[in-house]
Amino acid sequence: MRRLLIRPGAIGDLIVSLPALEFLKSDYTEVWTAAVNAPLVRFADRVAFISSSGIDGLEPNLQRLEGFDSIVSWYGTNRPDFRAAVEHLPFEFFPALPHGIGHAVDFYLAQVGAPLGQAPRLAVGPTEPRFAAIHPFSGSAKKNWPLERFREVANQLPVPVEWIAGPEETLEGANRFDNLWTLAQWLAGALIYIGNDSGISHLAAAVGTPVVALFGPSTPDVWAPRGVDVRVVAAPDGTMESIAIDEVLAAVAHLRR
C-alpha cells in the first residue's frame, strides 16, 4: 500500500504526533510536512515540504495525490473547498489541534487507532552527556520565564551550560542550528535540558535527555513533553513570573544524571 501522511504544524505539533504517524507506516510511506520539521521524519520513504507541494493550488497536485492508496491528512479539515476537490481520493481527515481530555500524544494516537501511552522517540545514536542545555524561548512571550532567572539557574548548576536560540531569537553566545536533526543530535549530548513550553523542549525529551519544562498559561496535562525523564514546573497562577528559581533548581536536582 502507498500511503501519504500530510501533517502541518510547528515543531512541537509534529513531535507529539510522531507516534501516530509511525503507527501508520505502510509498504511505502510519504510524509508532507513543514520544511523545518522534515529532518525529524526518519521513518518515511520520502518527505516533502507542504510549502513547496503546491497543495494550496490543488490542481497541480491531483495527479500526484491519485498515486496513493491511502491519504491521512491533518491539513484541510476545516477547508470545505479542499475537501470537495479531493472527495474522489482516498482521504481521511483528522482535526489538527487536540481537544477534550488527555495528552496531545494520546489524542493523535487515538485518532489512528493506536495504543495510547506511547512517547515520541528519536534515535540519534550513543552520546556522552557533558553539559546542561538551556533554551529560554518559545513561540509566545507569555510562555517565557524571565531570562534573568534562567541565568541565575545557570549560575548555580555544577556543570557547563550551553544556551540555545533560534534564528530570530536574540541571545548573545547562543548555539544556533539550521537543521533540527543536527540540533536533536546535539541535545542528546546534554546532561539535562531546561526550557519553556516549546517545540525544542519536546525535541529534547524525544532524544532521551532529562527535561525540566516550565509551564505558565498553557496546560501541561495536554502539552508537557512526554518522556521517562521529564519534570514539569507549572506556574500556580498561570504566569511565568510566579515560578520561583528554587522550584526549577529542585526539579534539576531531581533529574540531573
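This is a predicted model: local features need pLDDT of at least 70, side-chain atom pairs count only at pLDDT 80 or more; totals for chains, interfaces and linings use all residues.
Student: Let's start with strands. What is the order in the sheet that holds E1?
Tutor: The order is E3-E2-E1-E4-E5. Five strands form this open sheet, and the pairing is parallel.

Student: Which strands sit at the edges there?
Tutor: Strand E3 (46-49) and strand E5 (91-93). Each of these pairs on one side only. From one strand to the next, the twist averages 20 degrees.

Student: How many bridges join E1 to E2?
Tutor: Six. E1 covers residues 2-7 and E2 covers residues 28-33, and they run parallel. For a landmark, look at Arg7: Thr33 in E2 stands opposite.

Student: And which strands does H1 touch?
Tutor: H1 packs on this sheet and touches E1 and E2. The direction of H1 makes about 155 degrees with that of E1.

Student: Now the sheet with E7 in it. What is the strand order?
Tutor: E7-E6-E8-E9-E10. Five strands again form an open sheet with parallel pairing. The edges are strand E7 (161-163) and strand E10 (230-234). Neighbouring strands are turned by 20 degrees against each other on average, direction ignored.

Student: How many bridges join E9 to E10?
Tutor: Five bridges. E9 is residues 211-215, and the two strands run parallel. Val211 has Val230 in E10 as its bridge partner.

Student: Which strands does H8 touch on that sheet?
Tutor: Strand E6 (131-135), strand E8 (190-196), E9 and E10. H8 packs on the sheet, and its direction makes about 155 degrees with that of E8.

Student: Switching to helix against helix. At what angle do H1 and H8 cross?
Tutor: Roughly 35 degrees. Their axes come within 7 Å.

Student: Is that crossing left-handed or right-handed?
Tutor: The crossing of H1 and H8 is left-handed.

Student: Which residues make the contact?
Tutor: From H1, they are Ile11, Gly12, Ile15 and Val16. From H8, they are Gly199, Ile200, His202, Leu203 and Ala206. By class, six are nonpolar, three are polar and none is charged.

Student: What lines the largest cavity?
Tutor: Ile15, Val16, His103, Val105, Pro120, His202, Ala205, Ala206, Ala224, Pro225 and Arg226. Helix H1 (11-23) and helix H8 (199-206) are the elements that give two or more residues to this lining.

Student: Which helix gives the most?
Tutor: H8, with three residues.

Student: How does the cavity lining divide by class?
Tutor: Eight residues are nonpolar, two are polar and one is charged.

Student: And the largest pocket, what is its volume?
Tutor: About 630 Å³. It is lined by 27 residues. Those closest to its centre are Ile11, His135, Ser198, Gly199 and Ile200.

Student: Which helices supply at least two residues of the pocket lining?
Tutor: H1, helix H7 (180-187) and H8.

Student: What about classes in the pocket lining?
Tutor: There are 11 nonpolar, 10 polar and six charged residues.

Technical notes:
Residues are numbered from 1 along each chain as its sequence is written. Side-chain values use heavy atoms; hydrogens and water are left out. On a 1 Å grid over the protein atoms alone, a cavity is a set of points where a 1.4 Å probe fits but cannot get out, and a pocket is an open set with protein on both sides within 12 Å along at least five of seven lines; lining residues have an atom within 4 Å of a point. Helices (H or I, at least four residues) and strands (E, at least two) are DSSP runs, numbered from the N terminus. Ala, Val, Leu, Ile, Met, Phe, Trp, Tyr, Cys and Pro count as nonpolar, Asp, Glu, Lys and Arg as charged, and the others, Gly among them, as polar. Grid points are joined across faces, edges and corners, and a volume is the space filled by probe spheres set on the points. Axes are lines fitted to C-alpha atoms, for helices over the stretch in contact, and angles run from 0 to 180 degrees between N-to-C directions. A crossing is left-handed if the near helix is turned anticlockwise from the far one by less than a right angle, and right-handed if clockwise. Contact means heavy atoms within 4.5 Å. Two strands pair if DSSP finds at least two bridges between them.
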